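My entries follow the order in which I checked things.

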Amino acid sequence: MFRNMYDTDVTVWSPEGRLLQVEYAMESVKQGSACIALRSSTHSVIGALKRSVSELSAHQQKILEIDDHLGIGIAGLTADARTLAKWMRNECLNHKYVYGTAIPSGRLVNDLADRHQRTTQTYVRRPYGVGLLVASFDKNGPHVYQTCPSGNVYECYGSAIGARSQSGRTYLEKHSDSFPSCTRDDLIMHALKALVGCVSGDGELTKENGCVAVVGKGEKFTLIEGEELQPYLDRLELEGGNNGGGGGDEEEEEGGEDDVMET
């Protein structure tokens with residue numbers, strides 16, 4: 001049987017019990033530039049590689065603030081990520097208006113997963129082609145969540161998604177035992193070191209193509225990029241960690257049109 005007999009609609013099962021359109025959406029996440037998140041006992045950090053379509057264009061935003069206590073890192077289709085970010089901001093505002101407090105991050109992420117899942121059961125809609133890493137801090141402490149176009153959601157100590165993310169994931173697994181006791185700056189350095197291996201070719205992590213966000217106890221969601229990121233990159237250079245292009249198992253996609261859509 002031909003594969004394309006079963007991938008014309010998201011509600012059609014293949015004989016192997018697979019939803020091919022959902023798998024295609026998950027593949028778009030793997031082609032986006034890398035995004036990493038991790039947490040300690042007091043803070044959550046997101047790190048991301050930004051991509052530009054050409055030398056004449058600005059780098060696309062990879063980390064979006066949702067509320068004072070919560071933000072997301074994205075890999076996949078930028079337009080889908082903006083749509084989900086707008087919905088999440090509205091949910092945060094509605095909860096704060098009704099109850100007078102910030103929405104618990106677990107509730108928001110579960111509602112987000114339900115929103116993902118609904119698109120896999122309705123033939124008139126396609127799955128969202130974006131994966132999110134959610135970093136937050138609430139009354140229960142810091143949290144990191146990973147969402148998937150299939151509707152799955154995972155809470156984790158650290159995670160990496162996007163192209164060449166296997167290298168970053170390996171670094172996180174190797175150093176995960178030290179994360180709970182890390183200070184804010186040490187956690188940011190771990191995120192940058194994990195990102196270095198996700199840089200393609202002979203490139204390096206710079207203040208132009210890198211960004212970090214942190215949220216934690218006594219600190220609102222803060223985006224660190226540009227000149228604010230440079231001191232951390234200087235420290236990374238002194239520690240000999242910014243040698244670029246470590247490479248995972250995944251290949252960086254090529255072609256201008258794909259780069260326009262994906263981030």
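## Strand 9 and its two partners

I began with strand 2 (residues 43–49), which runs antiparallel to strand 9 and is joined to it by seven bridges. The model I am reading is a predicted one, and I keep that in mind for every entry below. To place this pairing residue by residue, I looked for a facing pair and found that Gly 47 stands opposite Val 212 in strand 9.

Next I asked which other strand is joined to strand 9 (residues 210–216). Strand 10 (residues 219–225) is joined to it by five bridges, and these two strands run antiparallel as well. I noted two facing pairs here: Ala 213 stands opposite Leu 223 in strand 10, and Val 214 has Thr 222 as its bridge partner in that strand. Strand 9 and strand 10 form a hairpin with two residues between them, and in the turn I found Gly 218 with a positive phi of about 75°.

I then wanted to know how many residues of strand 9 are buried. The count is seven of the seven, so the strand is largely enclosed by the rest of the structure. Looking at the directions of the side chains, I wrote down that Gly 210, Val 212, Val 214 and Gly 216 point one way, while Cys 211, Ala 213 and Val 215 point the other way, and that all of them are buried.

## The open sheet

I turned to a sheet of five strands, which is open, has the order 3-4-5-6-7 and is paired in the antiparallel sense. As a reminder to myself, strands of a sheet pair through backbone hydrogen bonds, either parallel or antiparallel.

Which strands stand at the edges of this sheet? They are strand 3 (63–67) and strand 7 (153–155), and because each has a single partner strand, one side of each is left without a neighbour in the sheet. Neighbouring strands of this sheet are turned by 25° against each other on average, with direction ignored.

I followed strand 3 into its partner and found that strand 3 and strand 4 pair in the antiparallel sense over four bridges. A hairpin joins these two strands through two residues, and Asp 67 stands opposite Leu 70 in strand 4. Although strand 3 stands at an edge, it is mostly covered, with four of its five residues buried.

I looked up helix 4 and helix 5, which pack at an angle of about 140° with their axes 7 Å apart. That angle makes helix 4 oblique to helix 5, and helix 4 passes helix 5 in a right-handed crossing. The contact is made by Gly 168, Tyr 171, Leu 172 and His 175 of helix 4 together with His 190, Lys 193 and Ala 194 of helix 5. By class, these residues divide into three nonpolar, three polar and one charged.

I then checked helix 5 (residues 184–196) against helix 6 (residues 230–238), whose axes come within 10 Å and cross at roughly 70°. That makes helix 5 roughly perpendicular to helix 6, and this crossing, too, is right-handed. Among the residues that make the contact are Ile 188, Met 189 and Leu 192 of helix 5, and Tyr 232, Leu 233 and Leu 236 of helix 6. The whole contact has seven nonpolar, no polar and five charged residues.

My last entry is about Arg 164, which lies in the loop between strand 8 (158–161) and helix 4 (165–175). Most residues other than glycine have a negative phi. The phi of Arg 164, however, is near 60°, a positive value in a residue other than glycine.

Notes. Residues numbered from 1 in each chain as written. Predicted model: local features only at pLDDT ≥ 70, side-chain atom pairs only at ≥ 80, totals over all residues. Heavy atoms only, no water. Pairing = 2+ DSSP bridges. Axes fitted to C-alpha atoms, helices over the stretch in contact; angles between N-to-C directions. Parallel < 35°, antiparallel > 145°, perpendicular 65-115°, else oblique. Left-handed = near helix turned anticlockwise from the far one by under 90°. Contact = heavy atoms within 4.5 Å. Nonpolar A, V, L, I, M, F, W, Y, C, P; charged D, E, K, R; others polar. Buried < 20%, exposed > 50% of the residue type's maximum accessible area, 1.4 Å probe, protein only.
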